[in-house]
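This report looks at the salt bridges of the structure shown below, and then at the sheet and helices around them.

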Amino acid sequence: RVLAQMLCEQFDNLYAAAKWDPLFLKHNVISNILRNQRENQPEVPLRQMQSTALAVAVDTNQNRYLYVHLGDGQIYCQKSGVTHCISEAENGFGANETYLTACKSAVDHLRYGVGGTRGMDAFLLASDGGQAHLEAALKIDDFFQKKQRTDYTDDIGICRIIRCNPNLCNIFDESGETYEQ
């Protein structure tokens, strides 16, 4: 939620940084996540709270999007009915390893992207191995067509963003709840 909220609140600055100062964007994202973790649970060591990170923010007024991604999971978009993976999973040295927010190389491995939303139908974020379930059982294209949530339960998060209200920033989590900012 912290990352999605940050992308919404700082969208214009981060969008510009993605084009002109990528290192600023990467440091800003990681430091914001870590600062929030320290402030909210100062008694818990950062290594116990580290995680992967995926988020997409959409500016419907100017028809553009920004995503950031660290670690495994994948980010998909559906444009004019065709599904594309816009950010692949990045594992560490082994298949069961990935890059996390509190690791020393987080800034080096944080990926981001910007683009236009004309013709864009939806985004889908799948973390913690969720993409394997989607690809094997649901087929990504079928998932975009479904109107209900998946009933698959495991240590994964899957989020589908169908449309965004230009006056609200909608933040979704894996439970399907919507947070309006």
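## Salt bridges

Counting as a salt bridge any side-chain nitrogen of Lys or Arg within 4 Å of a carboxyl oxygen of Asp or Glu, the total comes to three salt bridges. This is a predicted model, in which local features need pLDDT of at least 70 and side-chain atom pairs count only at pLDDT 80 or more, while totals for chains, interfaces and linings use all residues. Residues are numbered from 1 along each chain as its sequence is written, and side-chain values use heavy atoms, with hydrogens and water left out.

## The network at arginine 64

Asp12, Asp59 and Arg64 are linked in a network of salt bridges. The closest N and O atoms are 2.3 Å apart between arginine 64 and aspartate 12, a pair that joins strand S2 to helix H2 across 52 residues; helices (H or I, at least four residues) and strands (E, at least two) are DSSP runs, numbered from the N terminus. Between aspartate 59 and arginine 64 the corresponding distance is 3.0 Å.

Arginine 64 counts as buried at 11% relative accessibility, whereas aspartate 12 is partly exposed at 47% (buried means under 20% relative accessible area, exposed over 50%, partly exposed in between, with a 1.4 Å probe and protein chains only). Aspartate 59 is buried as well.

## The pair at arginine 111

Arginine 111 forms a salt bridge with glutamate 90, with the closest N and O atoms 2.9 Å apart. Arginine 111 lies in strand S5 and glutamate 90 in the loop between strand S4 (82-87) and helix H5 (106-109).
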